Amino acid sequence: MSFDLRTSDLRTFDLIIKRISRTLQRITQKLNGRFSFMDHDDLYQEALLQLWIDFQGGRLEAKTDSYILQGCYFHLKNYIRKTQGSATVVSLNSMIDEESGRLEELIEADEVAALDYVDGKMQVEALLAAA
């Protein structure tokens, strides 16, 4: 796969991104918040990557900003759905087996129960995010 990148192509793509960047960032922030494994910067980067692929394929020619942003929104919703579905969710209260007991009992960090450790870590992250 070879790319024939002309300066005019890069300028055109850059102009598109400059026009829609603020709205795209608002979209990614709106979609953020439910996922611990990705944030709005990850979503913004995914949207830019998809825009670049669409731009190189000629699928952005003569499209309005609204059309492009709507496409980004639906792409990100689908991307989140796909990645969220593949994440394995495990509860600390789940039983591993009859002999081992609960997962929480097996995982300890410096003599602190796992649930207390996770709770403390989340409180610190919330304080850092608020600062």
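Asp14 is partly exposed, with 36% relative accessible area. On this scale, buried means under 20%, exposed over 50%, and partly exposed in between (1.4 Å probe, protein chains only). The model is predicted: local features need pLDDT of at least 70, side-chain atom pairs count only at pLDDT 80 or more, and totals for chains, interfaces and linings use all residues. Residues are numbered from 1 along each chain as its sequence is written, and side-chain values use heavy atoms, leaving out hydrogens and water.

**Salt bridges**

Asp14 pairs with Lys18 in a salt bridge. The term requires a side-chain nitrogen of Lys or Arg within 4 Å of a carboxyl oxygen of Asp or Glu. Both partners sit in helix α1, four residues apart, or about one turn of the helix. Lys18 is exposed, at 58% relative accessibility.

How many salt bridges does the structure hold? There are three.

| Lys18 | Asp14 | 3.4 Å |

Helices here are DSSP runs (H or I, at least four residues), numbered from the N terminus. Arg19 is partly exposed at 48% relative accessibility. Asp65 is also partly exposed, at 26%.

Arg59 is partly exposed, with 44% relative accessibility. Asp54 counts as buried because its relative accessibility is 17%.

**Nonpolar core**

In soluble globular proteins, nonpolar side chains tend to be buried together. The largest nonpolar core in this model has 19 residues. Such a core is a set of buried Ala, Val, Leu, Ile, Met, Phe, Trp, Tyr and Cys residues joined through side-chain atoms within 4.5 Å. Which members touch the most others? They are Leu24, Leu51 and Ile68. Helices α1 (7–31), α2 (40–56) and α3 (65–85) each supply at least two residues of this core. The largest share, seven residues, comes from α1.

Leu51 shows the packing in detail. Leaving aside residues up to four places away in sequence, Leu51 touches Phe13, Ile17, Ile20, Leu24, Leu60, Ile68 and Cys72. Contact here means heavy atoms within 4.5 Å.
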